[in-house]
Amino acid sequence: SPPHPSDTIAAIATAPGEGAIAILRLSGPDTFAIADRLFRCPAPPPSKRAPGTFARGAAVDPASGETLDDALALIFRAPHSYTGEDSVEIQCHGGTQSARRILQALLAVGARQAEPGEFTQRAFLNDKIDLTQAEAVLDLIHARSERAARLATAQLGDALGRRLRALYDALLAATADLESMLDFPDDELPQSVPTQIATRLAAISAEIQTLLDTWSEGHLLREGARIVIAGAPNVGKSTLLNLLVGRDRAIVSPRPGTTRDTIEESVTLCGYPFQLIDTAGLRDAPCEIEQEGIRRTHQALAEADLCVCLVDASRPLSPEETAFLNTHDPGKLLVLLNKIDLGPQVHPENLPGLDCMPVSLKQSPPITL
């Protein structure tokens with residue numbers, strides 16, 4: 001059956017696996033009745049304790065009286081809790097078994113297993129947080145870099161919500177002024193009034209556009225960018241991946257066609273998460289296995305946020321490389337002119353309109369991420 005707002009819900013709040021402490025959450029109208037049945041501690045029982053306090057005791061199975069674990073119970077009373085409801089947090093020993101057994105006991109005496117995100121949903125429904133803060137909770141949990149965590153923390157602190165509410169209030173005021181204009185004949189209304197309203201609306205529009213312009217960076221911080229390393233065989237693609245990852249992730253060989261499948265690795269550069277994809281060299285492959293690798297290269301390119309195209313700058317560009325560079329979006333293309341230590345024959349000025357970087361991956365030191 002669908003969740004009911006009057007239910008008392010319970011769940012394990014910590015990630016599964018081994019650890020020193022596991023935490024269970026209990027929230028809803030029957031919280032203290034359930035806690036009194038399950039948690040044994042010196043008087044008074046949890047239902048009689050003051051908010052913001054904790055008790056040391058034991059979590060027991062109400063049916064058998066068996067002690068499940070030594071634990072702490074933290075007391076929260078409505079509306080001063082995360083969900084805005086009466087809540088209790090039980091801290092027990094870590095690992096999977098203690099927390100799981102306590103959760104089963106909570107469910108046996110009247111609690112319901114919480115749905116994913118339901119504690120945050122109740123916080124929103126009880127006006128403890130707004131939608132931007134609810135989204136920030138998930139962003140903070142999933143943050144893959146320090147920069148992403150800082151952005152989520154700022155949003156959790158209602159930085160975005162305050163800006164949106166200010167825009168809403170400004171639009172509401174402009175709407176009220178427009179409606180009041182309808183009560184005046186055109187010849188009695190000073191021309192400065194509609195001009196002032198138009199000026200205010202233009203400023204509001206500019207502020208909204210400023211917020212929209214930050215979407216790409218926020219998306220990059222949350223999801224990470226897919227960067228495909230592409231090029232002909234033996235131009236240094238796997239060497240570049242190894243340098244960025246900081247270990248020998250891909251096999252480097254002078255023999256063409258060594259990489260026959262895509263190799264993916266996650267890294268963080270300058271606070272941004274990236275998914276690096278090393279690909280099979282683009283050429284007319286002599287065997288079916290390499291042909292499949294090249295097909296996967298084209299699929300990865302179609303899904304990429306950025307293509308880093310390596311070329312061997314020690315020789316002229318081949319017709320295939322020229323065609324590749326001409327058919328890709330310059331805004332999503334970075335050309336690395338590799339092997340300049342052998343004497344460059346291709347220079348950035350030979351590729352106008354493209355972002356180019358002369359490098360020698362062979363002589364590059366390890367990259368510190």
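Helix α6 crosses helix α7 in a left-handed manner (left-handed if the near helix is turned anticlockwise from the far one by less than a right angle, right-handed if clockwise). The contact (heavy atoms within 4.5 Å) involves, among others, Leu160, Leu164, Leu167, Leu171, Ala174, Leu178 and Met181 of α6, and Val193, Ile197, Leu201, Ile204, Ile208 and Leu211 of α7. The axes of α6 (residues 159–181) and α7 (residues 192–213) are 10 Å apart and form an angle of about 155 degrees; axes are lines fitted to C-alpha atoms, for helices over the stretch in contact, and angles run from 0 to 180 degrees between N-to-C directions. The two helices are therefore roughly antiparallel (angles over 145 degrees; under 35 is roughly parallel, 65 to 115 roughly perpendicular, and the rest oblique).

The model is a predicted one, in which local features need pLDDT of at least 70 and side-chain atom pairs count only at pLDDT 80 or more, while totals for chains, interfaces and linings use all residues. Residues are numbered from 1 along each chain as its sequence is written, and side-chain values use heavy atoms, with hydrogens and water left out.

The protein contains eleven helices and 13 strands, taken as DSSP runs numbered from the N terminus (helices H or I, at least four residues; strands E, at least two). Of its 369 residues, 38% are buried (under 20% relative accessible area; exposed, over 50%; partly exposed, in between; 1.4 Å probe, protein chains only). Among contacts with a separation of 6 or more, 56% are between residues 24 or more positions apart.

The loop between β3 (39–40) and β4 (54–60) includes Cys41 and Pro44. Pro44 is joined to Ala43 by a cis peptide bond, with omega about 0 degrees. Beyond its neighbours within four places in sequence, Cys41 contacts Pro46, Arg49, Ala55, Arg56 and Gly57.

Asp127, in the loop between α3 (118–125) and α4 (131–141), is not a glycine but has a positive phi of about 60 degrees. Its relative accessibility is 70%, so Asp127 counts as exposed.
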